[in-house]
Each structure stands twice: as structure tokens, then as C-alpha cells.
Amino acid sequence: MSDIVNNTFITFTEGPLIGKSLHSLWLRERLSDKKHLDQINLQRLYEPSLLDENIYIEKFLHKGNNLMIIFSDGETGNFSIKDILDEVYQHDIFPKKKQWKENILKKSYHNYKSLKTSLELTIDMLRNFHLFGFVILTHMSKKKGAVIKFAETLGPVRSTNFGKYFDVISKPNPNDLAYTALGLSPHTDNPYRKPVPGIQLLHCIVNDAEGGNSTLVDGLKITNYLKKNEKHYFDILTSVEILFHFADKDVVLQNWGRLIELDSKNNFKQIRFSGRLDYVPALNPEQLTLFYQARKRLYELCTSKDFMINFRLESGMLVMFDNHRLLHGRTKYDPSSGNRHLQGCYIEHDVVEGKLRRLLIK
Ligand SMILES: [Fe+2]
């Protein structure tokens, strides 16, 4: 036994936690017996902020994967070194997201009928969604309402002022260009909302018209490309905040955000792109010149074959995509050549993440 104990922390001198010091209170508030933790919902049965801050480690025994500690307040803790390791080094059961390669479409199709009978295939589908930001389901019902039925197998749907779901079909006097037969260049949906909807689902009821293919673009891949090859554009796109604005007769919605947003570790977090809805602030002319060049370059990349995939949603198919990572669009169609009717809805990231975690953690 060679771990070092001071009054307030333990330092590991062997094993997988070698060199790591753990505070006595950090350990004390992780007691998992039924006196301290509800055994069903795993929530604490006491307020940890009220623990005596002078609690220290009186005795300990570290053997293999087990760590037993007696604290100065008389409580005893039995810990798994593996659990501590996972928490200390923030191991996640989710793999790192991957940017697309040329063959991305091949691995994106999932047969919904098979999913319904196989937990493994459902996990595979949700994992692919996590990795690549979208999946395409085939062999679904062709009926109206199928999108909500499917979304609710994952969790609650996010309603908006468009309703619980929306019909993507050309109609007179639309409050959004989505409800026309025009082609839609790659964009993210609803950047003016707080928060921006996380995930969009689009189910195809009928698509007999000429044209009207679906397009998707990987914002993660574009961000990596700009960071590596066109850093001056990357820098301004990740720093200037844009106002996004939507208005109709009932509501005016506004939110600010960067076209490319990074997280606290400077990794890709979110892309926003909707040239129909953005209001660039009145920066000084030099900054604005660079910003407009960068936005134009971003548009060129988004519409380039190197970054965009094009596929056809047929009746009974559904695409689910990450609205914070991917841009989506469609080619124009001729409404006199046939019908095109999609239904869509939004769900949030924690719905899909939470479902996948539940299926992965036994
Ligand atoms: Fe859209």
C-alpha cells in the first residue's frame, strides 16, 4: 500500500490513477449507499453543500479496483476505481463525432421495419446519427402524422409557432420560403429561436414532382476545412455575432449568434446559416469587407460538391438531421409535374442523446 493520504486528499502512487489527487469532500459526496443515494433515481438524499468542509480521510484501503474509505464523520465509502477513472478523465460512452467522407450516404440508410424489432439496430442508427449528424430511414409508413409518431418513440417533440409539426408543401402567401416550390440553398433552420431547434425530422408522404431532391452539408467538415486552409475567414466567422430575425403577423423572433460557433475548448459547436434571415451588425468597413468575403466563401463551400450530398426522399422515407451541425436544402421542383408533400418537426439533442445513453447503459 503506497497511496499517500493527507488530511484533505488522497494521492495515488500506483494503479491507473497514479499521480492523481482526490479531495476528501469530492469522495465523500460520492457515497452511493442507500443512506446517501436514492437507489432508484440515483439522486442524493442530502444537500452536499451542508457537509462539514473539514471532513477528512481517516482510513483507507486500496486493493485492485476497490477503494474503501472511512471518513472523519464516521461514514464509510466503497468506490470502484473504474468509476472514479471514468469521472476524473471524463470518459464518455459516445465516440468522437466524425466528419464526412465520400461514402457517407452508403452508411446512412436504416430500414425502419428492422429497427422496430432490434435494439441493436436502433442503437446502431442512433450512434450513426451521433457520429455523422444524420440518418435516413426507409420502409416507414407513407401516411400523414408518421413523423410525429416516430419522433415520439424517441421523446418529446419541440413545438414552435409553426405548430407541433409543419407541412412542407407549396401553398399561397407562405410565411416561409420552405412552403414554395423554389429551390432552397443550404441553410440551418430557425437561427432566430432561443434555443435554436436541435434536430429536424422530415418525413416524405409523396414526392412525385420533377426535382425536389434533398441536400445536406456537413458544417463540421467545412469548419475543419476553413480552420486549416483559410484561417482569416475562419477567425472572423467564429467571432462576429449576427442578428437573426423572423416576423409574421403573430410574432417577432430574434436571436444573436456566430455563423460558426466554437465551444470553450475551441472545437466546433454549431453552425448557423440562413442568408434570408441574417442581419450583419454595422462593423467598421475593413471588418465588414472581410466578413462579407468570408460569408460568401462559406456559401461557396456549402454549395460545392465537395461538401454537399444530394439524395431523393421517396414516399415512406424520413431524414433526421442535426440542425446545429448540418445545413439542409432542396433542389427546386415543378409543382405542375406531380405532388411533393413532406411533414417535419423538431426535437432537441437531449432527446436523442438521452435515448442512446439509456440503451447503452445497462
Ligand atoms: Fe429548412
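User: In this predicted model, which residues of the largest nonpolar core touch the most other members?

Analyst: Good place to start! The largest nonpolar core of this predicted model has 57 residues. Those that touch the most other members are Phe134, Leu201, Leu237, Cys302, Leu318, Val319 and Met320.

User: Is strand β20 mostly covered or mostly open?

Analyst: Let's look at both faces of the strand, residues 318-322. In a regular strand the side chains alternate between the two faces of the sheet. On one side of β20 sit Leu318, Met320 and Asp322, on the other Val319 and Phe321, and all are buried. With five of its five residues buried, β20 is mostly covered.

User: Which residues does Leu318 contact, leaving aside its neighbours within four places in sequence?

Analyst: Leu318 belongs to β20 and is buried. With those sequence neighbours left aside, Leu318 is in contact with Leu137, Met140, Val147, Phe150, Leu201, Leu202 and His203.

User: How many bridges join β11 to β20?

Analyst: You can follow this pairing residue by residue: Ile199 stands opposite Asp322, and Leu201 stands opposite Met320. Strand β11 covers residues 199-207 and runs antiparallel to β20. The number of bridges joining them is five.

User: Which residue of β20 does Phe134 stand opposite?

Analyst: Strand β8 (residues 134-138) pairs with β20 in the antiparallel sense, over four bridges. Within β20, the residue opposite Phe134 is Phe321.

User: Why is one side of β7 and of β9 left without a neighbour in the sheet?

Analyst: Picture the open sheet of six strands, with mixed pairing, in the order β7-β8-β20-β11-β23-β9. β7 (109-111) and β9 (166-168) stand at its edges, so one side of each has no neighbour, the reason being that each has a single partner strand.

User: Which strands of this sheet does helix α5 touch?

Analyst: Helix α5, residues 146-154, packs on the sheet, and its direction makes about 25° with that of β23.

User: What is the strand order in the open sheet of three strands?

Analyst: Start with β4 and β5 (residues 66-71), which pair in the antiparallel sense over six bridges; here Ile57 stands opposite Phe71. Helix α2 (residues 81-88) lies across β5 and β6. The pairing in this sheet is antiparallel, and the order is β4-β5-β6.

Terms used: Residues are numbered from 1 along each chain as its sequence is written. This is a predicted model: local features need pLDDT of at least 70, side-chain atom pairs count only at pLDDT 80 or more; totals for chains, interfaces and linings use all residues. A residue is buried if 20 or more other C-beta atoms lie within 10 Å of its own, exposed if 12 or fewer, and partly exposed in between; C-beta atoms are placed from the backbone. Helices (H or I, at least four residues) and strands (E, at least two) are DSSP runs, numbered from the N terminus. Two strands pair if DSSP finds at least two bridges between them. A nonpolar core is a set of buried Ala, Val, Leu, Ile, Met, Phe, Trp, Tyr and Cys residues joined through C-beta atoms within 7 Å. Two residues are in contact if their C-beta atoms, placed from the backbone, lie within 7 Å. Axes are lines fitted to C-alpha atoms, for helices over the stretch in contact, and angles run from 0 to 180 degrees between N-to-C directions.
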